Each structure stands twice: as C-alpha cells, then as structure tokens.
Amino acid sequence: MSLRQVYFDNAATTPVLPEVITRMSEVLSKQFGNPSSTHAFGRSAKSVIELCRKNIAKRLNVHPSEIIFTSGGTEADNLILRGCVRDLGVRVIITSPIEHHAVLHTVEALAKEYTIEIRYVKLSETGAVDLQDLRNLLLEYPEEKVLVSLMHVNNEVGNILSIKRVGRICKQYGAYFHSDTVQTIGHYPLDLEEIQVDFITASAHKFHGPKGVGFAYIRRGNALHSSLYGGEQEKGLRAGTESVHDIAGMEVAFNQAYEKLNERTAYLQDLKVYFIAQIKVHFPEAIFNGRCTDMQRSSYCIINVGFPSLKDKNDTLLFLLDMKGVACSKGSACQSGSVQTSHVLKTILPEEQLKYPSLRFSLSTFNTQEEVDFTIKMLKEIELS
C-alpha cells in the first residue's frame, strides 16, 4: 500500500475544519445542559442553538423559525416528503430518476403507503432536467396538490439544476417545490426569499462540518408535523434532544464556507479545470459523464469520468487506486456496498459506456494540483499493469 494518501471523495464527506472541532469541544465542555431545561445550564445550551439558527437563517435570507435542525439530509428529506403527503394533502410527486436515494426510496415508500402517484420528469442525454416536460406533467394535474422534488446539484455527476426557473414554474402551476441541496449548501449562495422554493435540505459533513447533523428549510405557512413522537423540540417538527455541539460545529463550518466562498470557488474552479485537462492529456479516450466539463452548469467540486482503457479493471479499479493511496468513488457513498451500477449512470449512459469504469473525483480546498498529478500517475500505472 502507498504511504501517501490522497482524498478525492469530498462529495461523500469532507474533512472537518480545525475551528469546527475547537468549537464543538468548547460546547461539549461548557454548554452541556439539556436545551429543553429551564435552569441556567439548559438556557445556555438553548442560546447556542438559537444563535446558530439565527446565523444560518440570515445567510439564507429566511426567518429563523423556518430552519429545523435534523440529523442530516436524509432525515430532512424524509421529514419534508412524508409531511407533504401526510399533512399537506399532496397526491402527486414529480421527481427525476437520478435523485439521491433519500428522495427516491422515500417517494417509493410513500406510493405504497398512500394513494399517491409518482411521475418522473424526462432527462437529456447528459442528465439535465427537461423543463418543458416538467411543465407538461404539471398541466396534467390542474386539480391535484403536486410536489416537485428535484435536487439542485447532482451528487454523482455534478449537474446543476436551474433552481430559480423550476421555482417559477412550480409557482406558476401552484405546485410545492422541494430541492435536495445537500451538495449546494456551503458551496453556492442561496437567497431563499428570492428563489421560489418551499423546502430545502442540508447536511453539515458536506461542507467541512460534523457528520450526523443538518437542517431542513420549511417555508412558513407549510404546516408539517413531526415524523418522530416525543418532545416538542425544533418547533414541534423534530422530537428529541438537540445535539448542541454538532449544531454549533455546523454553524461554524457554514459561516466559514460563506465568508470564504469567492476565494474557495475560484480555487476549486481552477483545480477542476486542471484535473480535467490532465485527464484529457493522459487519457484522450476518456468520456466525461453528465455536464461535468461545463463549468457553468456543473458543480466545481465534481468530476465524473469514464475510462475505456481501464475496461478490464472495472471490478477492481477502486481497490487498486486505494492501494496506491487514492480515495475516490464510483458514485454515492450510500451505495458503496452495492454491486450494482450507479442508478444515475445507468439512467443517463448508453449500455456500451456502462461496460467500462466511471470514477467520481470530488474536490475540496484541501486538495492540490500536486495531488491531481499523483492521481493521474497512479491511474497510468494501473492502466499499464
């Protein structure tokens, strides 16, 4: 095994910032009270939570009461999707076949539990959402309550949805709009007062915060109820004692991300351009999946690329890279135990391209051009072995 370790799997999770760890340690040692308790220890912990809620809400231009802390993006997606059907009377959900499984599996379960219809919007060959087809689907249900659930940034190929346009379309047809923004928060600015979206979700570990904490944005007026039975925490929408130190750590990571957003964006855009250029030079037959070479319509953090020359290494490529000190993935980390092809690539790629390996390299500002060069070198060694 290589003594060097290079980490290009930031779409799965990111390294935690040192200042986040420092803040979490402070809260664990000093604000350890139960935030639902009325004594001074409880009030101190509660004040930490509410200040974090206020700061996050301010960045997103929403009211603090619209931010609900959860254990992460999956719980937030479940809370929203299930609540829309159970509490708001949604009878039709329009989504896409390349959403994260936190959405896809949830809507499939809801279709079995309730009398609702699930429709899937058409995609282009690059996986882009067909907005005209979305309009056509909405026209089919003039009398029904409809929820549109489309992710802002695809976690596997990096495609960026025109969230403002979708918001306007949903508003025009009277549909609710939910967007999984787990790969967005901390990477792109969102003014939720301007964007006509009713619900979004976030997960701290995607922007250098701790795992196990995130939040849901639920626009005021959408009266959802808790999916967990217990106490009245989080405005009655999420029972259970809040993880104060995790929330505090997430808030630090969130603020760090947006305070340095322009600087980080420029750095990562340059690094992605360099990485793509090196792949093209050393693997001229490589095929880039989705829109990942389009810097305007794809995340600056994600590159998804197929390697025809490594076809005979399809089943072992990740293992071989790992042994050489390079960590990346074939798709969502939530599917890493599955032997099946990524549902995203299976949806958008022709059958022939599924026969050779595709890798997702996802970047953070901890990465360097030197690490890109090392990764290319290791790929070449595997190709020639």
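Glutamate 234 is buried, with a relative accessible area of 3%. Buried here means under 20% relative accessible area, exposed over 50%, and partly exposed in between (1.4 Å probe, protein chains only). The model is predicted: local features need pLDDT of at least 70, side-chain atom pairs count only at pLDDT 80 or more, and totals for chains, interfaces and linings use all residues. Residues are numbered from 1 along each chain as its sequence is written, and side-chain values use heavy atoms, leaving out hydrogens and water.

Glutamate 234 sits in the loop between β8 (214-218) and α7 (244-259). Helices (H or I, at least four residues) and strands (E, at least two) are DSSP runs, numbered from the N terminus. The phi of glutamate 234 is positive, near 55 degrees. Most residues other than glycine have a negative phi.

Asparagine 61 also has a positive phi, about 60 degrees, and is not a glycine. Its loop runs between α2 (40-60) and β2 (67-70). Asparagine 61 is partly exposed, at 39% relative accessible area.

Now turn to strand β3 (residues 92-95). Both of its faces are covered. Val92 and Ile94 are buried on one side, Ile93 and Thr95 on the other. In a regular strand the side chains alternate between the two faces of the sheet.

β3 pairs with two strands, where pairing takes at least two DSSP bridges. Four bridges join β3 to β4 (residues 117-120), in parallel. Threonine 95 stands opposite tyrosine 120 in β4.
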